[in-house]
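Here is my note on the model you asked about. Please keep the structure open as you read.

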Amino acid sequence: MRVQDRKALNYYETTQERYFYDLLLNSVANLFIFQGDKKGLWETEYTSTWLKKDYGINAPYIDTRHNEKIALFLKEAGDMLDIKELKNSTIIYADFLVNQAKNGNTIEVPKGGYLVTDYYSPLQTKKTHVSLNHALGEMNFLLETYQQTKEESYLDVARNMRRGVENIGEKWLRENGDVWYQVNGDFTFEGTDYPLLTLEDLLKSQQSWEAVGEKRSEIFDRLIRSKTQYLVESKQEILRPVANSLINQGFGDIIEGYNNIPKF
């Protein structure tokens, strides 16, 4: 969702300059203009040939990751500007995820747990796949909103999503050590994963679970280790913040001496 101006938010946070304040307010206003009367969610207004062909989804439809990013952006803006309505922006999307679970718009994992599907339209012909990065992003979002509100339904859905990822387990791993991008409803896997996004989500997940008083996931740690080893073996860049997170969470041995990490 390019309507949100995260650079303006970041620059205003560090400089407090009026120029970036105005850009940030303009971005917030544009988001609500773009939203219209969609009751707290943001719909994607272009049709994806891929989604239309595979799932019968035409625009407008709900993209879970887009809505997650917008809700977090608005909450950060609300915290920064001390605007109550924006501070509560996460709640509407968290409620949507809970309702998706209640309504069965999920992939049920046989050994327990489920994953909320990536996309939703009331006119779709079948459920969509679940991307690992979407699932982790939704789970982290629910944990953050739980910390904000103490609403147990958010924690319950997050726990079920964790169980879903964990019970799929090492099937997420490809032969080369990378993780699969997505799992389909028939539990086949496909797609090339992002270089760093899913790894960042996994690292954040471990911190998020510890923040609500629960243990790290052993499966998440295995995925982190395998993904990182794949990046090193394939000589891909690991950004400094990701490298720092790896070191802080006990994976520094994998990247020790690795040269393809920027200094900043």
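The points below go from the whole chain to its helices and then to a sheet.

1. Ground rules. This is a predicted model, in which local features need pLDDT of at least 70, side-chain atom pairs count only at pLDDT 80 or more, and totals for chains, interfaces and linings use all residues. Residues are numbered from 1 along each chain as its sequence is written, and side-chain values use heavy atoms, with hydrogens and water left out.

2. Overall build. The protein has 12 helices and 8 strands. Both are DSSP runs numbered from the N terminus: helices are H or I with at least four residues, strands are E with at least two. The radius of gyration is 19 Å, close to the 18 Å that the globule rule gives for 264 residues, so the protein is as compact as a globular protein of that length. That radius is taken over C-alpha atoms, and the rule is 2.2 Å times the number of residues to the power 0.38. Along the principal axes, the C-alpha atoms fill a box of roughly 45 × 45 × 40 Å.

3. Of the 264 residues, 48% count as buried. Buried means under 20% relative accessible area, exposed means over 50%, and partly exposed lies in between (1.4 Å probe, protein chains only). Now take the contacts with a separation of 6 or more: residues 24 or more positions apart account for 58% of them. A contact means heavy atoms within 4.5 Å.

4. Helix α2. This helix covers residues 18-35. At 1.5 Å a residue, its 18 residues should span 26 Å, and its end C-alpha atoms are 26 Å apart, which agrees. The expected span is 1.5 Å times one less than the number of residues. Which residues of α2 are buried? They are F20, L24, S27, V28, L31 and Q35. These residues cover an arc of only 95 degrees around the axis, which puts them on the same side of α2. The arc is that of the directions from the helix axis to the C-beta atoms. An α-helix has 3.6 residues a turn, so residues three or four places apart point the same way. On the other side of α2, R18, Y19 and I33 are exposed. The buried residues of α2 pack against α1 (6-15), α4 (64-81) and α5 (84-87).

5. Helix α6 and S89. Helix α6 spans residues 89-102 and includes S89. Its 14 residues should span 20 Å at 1.5 Å a residue; the end C-alpha atoms of α6 are 21 Å apart, which agrees. Among the buried residues of α6 are Y93, F96, L97 and V98. Is S89 buried or exposed? At 13% relative accessibility, S89 counts as buried. Leaving aside neighbours within four places in sequence, S89 is in contact with A71, L74 and K75. A polar atom of the S89 side chain lies 2.8 Å from the backbone oxygen of L86. After α6 comes G104, with a positive phi near 80 degrees.

6. Helix α7. Residues 132-149 make up α7. The 18 residues should span 26 Å at 1.5 Å a residue, and the end C-alpha atoms are 26 Å apart, which agrees. This helix is mostly covered, with 14 of its 18 residues buried. Just after α7, K150 takes a positive phi of about 65 degrees.

7. The sheet. Three strands form an open antiparallel sheet in the order β6-β7-β8. β6 and β8 stand at the edges with a single partner strand each, so one side of each is left without a neighbour in the sheet. Strands pair if DSSP finds at least two bridges between them. β6 (residues 130-131) and β7 (residues 180-183) pair over 2 bridges, and S131 stands opposite Q182 in β7. β7 and β8 (residues 189-192) are joined by 3 bridges. Here V183 stands opposite F189, and W180 stands opposite T192. The hairpin of β7 and β8 has 5 residues between the strands, and F187 takes a positive phi near 65 degrees there.

Note on methods:
Polar contact = N/O pair within 3.5 Å; in protein donor to acceptor, adjacent residues only side chain to side chain.
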